[in-house]
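Good morning, and thank you for coming.

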Amino acid sequence: ERYDNRWTLATNEEHFFSVSRDISGAELLHGLLSAPWLQSLLKVRVFIHSFKEVLIPTHEVRELYCLLRRPHVQALLLAHDTVARKDYDPVLPLVPEGVPGDEEAMRIICLVKNNQPLGATIKKDEMTGDIQVARVIHGGLADRSGLLHPGDKLVEVNGSSVEGLEPEQVIQILFKSQGTIVFKLIPNSPQPENSQATVFLRAMADYCPLRDPTIPCPAAGMAYSKGDLLEIVDQTDACWWQARKLPSAGPCAGLVPSNSWLKRKQREMWWSQPSQVHTCIRPCEFHPDFLSSEIQQLNKNVLICFLTFYPYLRLPSDPCGRGYVQPTSGFRRSLRLFRRRTQNKRRLSCHSCCPSKALSSPYEEVVRYQRNPEDPPRLIVLLGPSGVGVNELRKRLMKTNPSTFQGAIPHTSRPKKSSEESGKEYHFISKELFEYMVCNHRFLEYGEFKGHLYGTSVDAIKEVLDGGKICLIDIEPHSIQSVRTKTLKPYFVFVASPSLERLRLTRRSARVVASSHLTRHFTDEDFQEMQECGRSMEARYRQYFDSVLVNDVLQDACLQLYSIIRRAQDEPQWVPVSWLKPVQPGRRDVETTNSPKV
Ligand SMILES: Nc1ncnc2c1ncn2[C@@H]1O[C@H](COP(=O)(O)OP(=O)(O)OP(=O)(O)O)[C@@H](O)[C@H]1O
């Protein structure tokens, strides 16, 4: 150790003397060797060397080494380093001398054309005649490039000046271009970020951009059908929103008319038809021509409330006796036939005459809702054309799962029979109380049969739900709005008929009630009527259907309905946003149609 110290001392002295003797270049070399960066480099080398000796490369290490040396990983690491150094600004040549300071900055951008549309629209500035980028479609090629912005002024496309051209001519140039498109443009001042939150809407009407003369760019428009779920990704333009249909097929949004724009159009359309005969101003009459001969023969005493009716009548021989009501399907069918004929008249009159009804909300704001297991179950509502099997399905589910499903006990003003018990078959109440309940909107559906009132009350349904059972009801579609409340949070299942061939095959032994006492086999005419009725129900009301079930093989349809109901109860579903908002004091919980804010 002493020897080493002496040696170190000696060499240091030697160096010192050499330097002091000013040997040529010695000072420089000394400075170089004692530079901190060289010292660090040497330390790294020593470290790597010792590491290499210790490490016996295992199979995994070798594999990792190979992986890390692959070109794409290398490229990734390089990209990472570049980004980390923020070294991605292009190196621009210096501005040549003599360029005036107020010259507008130009941007040259290259976009590679592939099968996708560019995703931007252009317009001509009426004042200056400039061609400008009108809008950039969310998720489109231009948007993803981040290089084109609304308001950017187009100067050249592929080296050709666009000055004095019409937008259509520019589009032609773009259309003909292949591969890379080079735009020269004057960028608009920085755009404010779109800070609006994404809104989800359910379309309450159909829309086809190709049939809309007001849309600024039909090719950028997005068609939708009533019931479709739309994700509104951009509401910057008050008239034309950008939306994606859910479940989303691609990243690119499309133009859809805004809520206020559609309402304005609806109002204009309504007021532009003043010459139309406003039939609903006249009181609606029951004309014998409206009644099918079947119904006329059936019961002359039937008086039906024009808008609602009571769908069930309990049979004395209810085999289950669990308090649910056995429907007399034939009679319901007759009522449905009657109502279908009168419905056309009602539909015409309301839409042409009452602006408040005709100008319904084109969209309904919706949110994902997951029922809390402690909350009452959601009400399950079945709808379908007469004879399709709504009652059969309902009955079977209740019979096979009596501890899970239950119907609502109806109210009636009819006197109680000696064999009956109030609150079991019916809630027997006086006619005055019944009418009082009607006035207080306590019934979802009600009607009069042979001078007695019958109805399904909200309270009867709530009683079932509060007891923890799933309440299964079936209603006529026109009652949908009265059922759509935040309290009941109904889930609508539309029961559709299968094809004509399948109906003939599966309904061989099925019977339709021809009169209050007679049943008969289905005819081809019945099947056709069932399908027509189903189609028109779907066309008019499908925006409210949460699920559609085709009742083909009964057993399968039962199982499918069961799983639909389970999903409705246990999985997140889209519901109107108003169902999750607290009820304002003094407001009735009935109206759910909600229009989004613009
Ligand atoms: N999938 C099916 N396969 C075979 N028969 C069926 C099927 N679904 C229903 N049926 C039978 O069809 C007939 C009519 O069914 P159901 O009474 O349930 O009709 P509905 O839709 O309630 O119509 P309505 O309101 O007129 O009574 C019944 O005889 C029923 O058993």
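This is a predicted model: local features need pLDDT of at least 70, side-chain atom pairs count only at pLDDT 80 or more; totals for chains, interfaces and linings use all residues.

How high is the average pLDDT of the protein? The average is 77, and 73% of the residues score at least 70. The model also scores ipTM 0.98 and pTM 0.69.

Now to the protein as a whole. There are 18 helices and 23 strands. Of the 598 residues, 39% are buried. The protein exposes about 35,200 Å², and carbon and sulfur atoms supply 56% of that area. If we take the contacts with a separation of 6 or more, 67% of them join residues 24 or more positions apart.

Let us turn to the sheets. In what order do the strands of the five-stranded open sheet stand? The order is β13-β18-β12-β19-β22, and the pairing is parallel. The strands at the edges are β13, residues 405-406, and β22, residues 547-550; each has a single partner strand, so one side of each is left without a neighbour in the sheet. Helix α12, residues 390-400, packs on this sheet and touches β12, β13, β18, β19 and β22. The direction of α12 makes about 160 degrees with that of β18, residues 470-474. Within the sheet, β19, residues 491-496, runs parallel to β22, and four bridges join them. At one point of this pairing, F494 stands opposite V548 in β22.

Why may we call β11 largely enclosed by the rest of the structure? Five of its seven residues are buried, so the strand is largely enclosed. β11 pairs with strand β7, residues 199-203, in the antiparallel sense over three bridges. In this pairing A203 stands opposite Y363 in β11. β11 also pairs with strand β23, residues 573-576, again in the antiparallel sense, over four bridges. Here V366 stands opposite P576 in β23.

Y363 brings us to the aromatic rings, for ring pairs link Y207, Y224, W241 and Y363 into a cluster. In general, a pair of aromatic rings is described by the distance of the centres and the angle of the planes. How many aromatic pairs does a search of the whole structure find? The search finds twelve. Consider Y426 and F428: their ring centres are 5.7 Å apart and their planes stand at 65 degrees, so the pair is edge-to-face, a description that applies over 60 degrees. Both partners are covered. Y426 is buried, with a relative accessible area of 1%, and F428 is buried as well, at 16%.

Finally, I would like to point out a few individual residues. N158 sits in the loop between β4, residues 153-157, and β5, residues 160-161, and is partly exposed, with a relative accessible area of 34%. H441 is another such case: its phi is positive, about 55 degrees, although it is not a glycine. H441 is found in the loop between α13, residues 431-439, and β16, residues 443-449. H441 is partly exposed too, with a relative accessible area of 41%.

Is E501 buried or exposed? E501 is exposed, because its relative accessible area is 51% and the term applies over 50%. The C-alpha atom of E501 is separated by 9.7 Å from that of F527, which is 26 residues apart from E501 along the chain.

Thank you for your attention.

How values were computed
Residues are numbered from 1 along each chain as its sequence is written. Side-chain values use heavy atoms; hydrogens and water are left out. Helices (H or I, at least four residues) and strands (E, at least two) are DSSP runs, numbered from the N terminus. Buried means under 20% relative accessible area, exposed over 50%, partly exposed in between (1.4 Å probe, protein chains only). Contact means heavy atoms within 4.5 Å. Accessible areas come from the Shrake-Rupley method with a 1.4 Å probe; for residues, only the protein chains shown count as cover. Rings of Phe, Tyr and Trp (its six-membered ring) pair if their centres lie within 6.5 Å; planes under 30 degrees apart count as stacked, over 60 as edge-to-face and the rest as tilted. Two strands pair if DSSP finds at least two bridges between them. pLDDT is the predictor's confidence in each residue, from 0 to 100. Axes are lines fitted to C-alpha atoms, for helices over the stretch in contact, and angles run from 0 to 180 degrees between N-to-C directions.
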